[in-house]
Amino acid sequence: MLATPAEAAWAAHPAAKAGALAKRGKVRDEWKTRHFELRGCFLVCFADDKEGRPALAALDVTKVACARDANDGDDVFSLRILEGTVKLRAADKTTRRAWMA
C-alpha cells in the first residue's frame, strides 16, 4: 500500500498533473478508479476529484522505478517502491506514457 506522508509534505505544491487512473488492489485483486495528482515529488491518491477530500495515500516519486509487464495491456504500468509494487492503469497508451514521463 502507498504510504500517506504528512499533508504538509505535498499540500503546498500545486498539482503539475492530475487525472483518473485505475489502481489494482492488493487484497481484492480488482481495479478501482482513483484520482491522482502529481504534487511536488509526491504522487497523491484520492478517492475522487472532489475539492477538500483527504488523501488516501502518497508516493514519493524520487524513490520509484516505473515498469511495464509484457503480460499487461498497453495502458497498464507499475510503480516499484520499497514496500512493493503499485499497479496502475491509464485510459489509453498515450495517457500512460504521459504519467510515466
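This is a predicted model: local features need pLDDT of at least 70, side-chain atom pairs count only at pLDDT 80 or more; totals for chains, interfaces and linings use all residues.
User: In what order do the elements of the protein run from the N terminus?
Analyst: The protein has 2 helices and 7 strands. Both kinds are DSSP runs, numbered from the N terminus: helices are H or I with at least four residues, strands are E with at least two. The order is α-β-β-β-β-β-β-β-α.

User: What is the radius of gyration of the protein?
Analyst: The C-alpha trace spans about 40 × 25 × 25 Å along its principal axes. The radius of gyration is taken over C-alpha atoms, and the globule rule is 2.2 Å times the number of residues to the power 0.38. For 101 residues, a compact globule would come out near 13 Å, and the protein agrees, with 13 Å.

User: What percentage of the residues is buried?
Analyst: Buried means under 20% relative accessible area, exposed over 50%, and partly exposed in between (1.4 Å probe, protein chains only). Of the 101 residues in the protein, the buried ones make up 30%.

User: Which rings form the aromatic pair, and is it stacked or edge-to-face?
Analyst: Rings of Phe, Tyr and Trp (its six-membered ring) pair if their centres lie within 6.5 Å; planes under 30 degrees apart count as stacked, over 60 as edge-to-face and the rest as tilted. By this rule there is 1 aromatic pair. The ring centres of Trp10 and Phe46 are 5.9 Å apart and the planes stand at 80 degrees, so this pair is edge-to-face.

User: How many residues apart in sequence are the parts that this pair ties together?
Analyst: Trp10 and Phe46 are both buried. Trp10 lies in helix α1 (residues 8-11) and Phe46 in strand β3 (residues 42-46), so the pair ties together parts whose separation in sequence is 36 residues.

User: Which residue lies over the face of Phe46?
Analyst: A charge sits over a ring if NZ of Lys or CZ of Arg is within 6 Å of the ring centre and within 35 degrees of the ring normal. The charged end of Lys17 sits over the ring of Trp99, 5.0 Å from its centre. Over Phe46, at 3.9 Å from the ring centre, lies Arg53.

User: How many charged residues are in the lining of the largest pocket?
Analyst: On a 1 Å grid over the protein atoms alone, a cavity is a set of points where a 1.4 Å probe fits but cannot get out; a pocket is an open set with protein on both sides within 12 Å along at least five of seven lines, and lining residues have an atom within 4 Å of a point. The largest pocket has 11 lining residues, with Lys23, Gly25, Lys26, Lys32 and Arg34 nearest its centre. Ala, Val, Leu, Ile, Met, Phe, Trp, Tyr, Cys and Pro count as nonpolar, Asp, Glu, Lys and Arg as charged, and the others, Gly among them, as polar. The lining divides into 4 nonpolar, 1 polar and, as charged residues, 6.

User: How much space lies in the largest pocket?
Analyst: Grid points are joined across faces, edges and corners, and a volume is the space filled by probe spheres set on the points. For the largest pocket, the space is about 250 Å³.

User: Which element gives the most to the lining of the second largest pocket?
Analyst: This pocket holds about 220 Å³ of space, and 14 residues line the second largest pocket. Its lining has 13 nonpolar residues, no polar ones and 1 charged. Two or more residues come from each of β1 (15-24), β6 (76-81) and α2 (93-100). With 3 residues, the element that gives the most is α2.

User: Is Lys23 buried or exposed?
Analyst: Lys23 is found in strand β1. Its relative accessibility is 13%, so Lys23 counts as buried.

User: What is the relative accessible area of Asp49?
Analyst: Asp49 is found in the loop between β3 and β4 (57-60). Asp49 is exposed, and its relative accessible area is 56%.

Notes: Residues are numbered from 1 along each chain as its sequence is written. Side-chain values use heavy atoms; hydrogens and water are left out.
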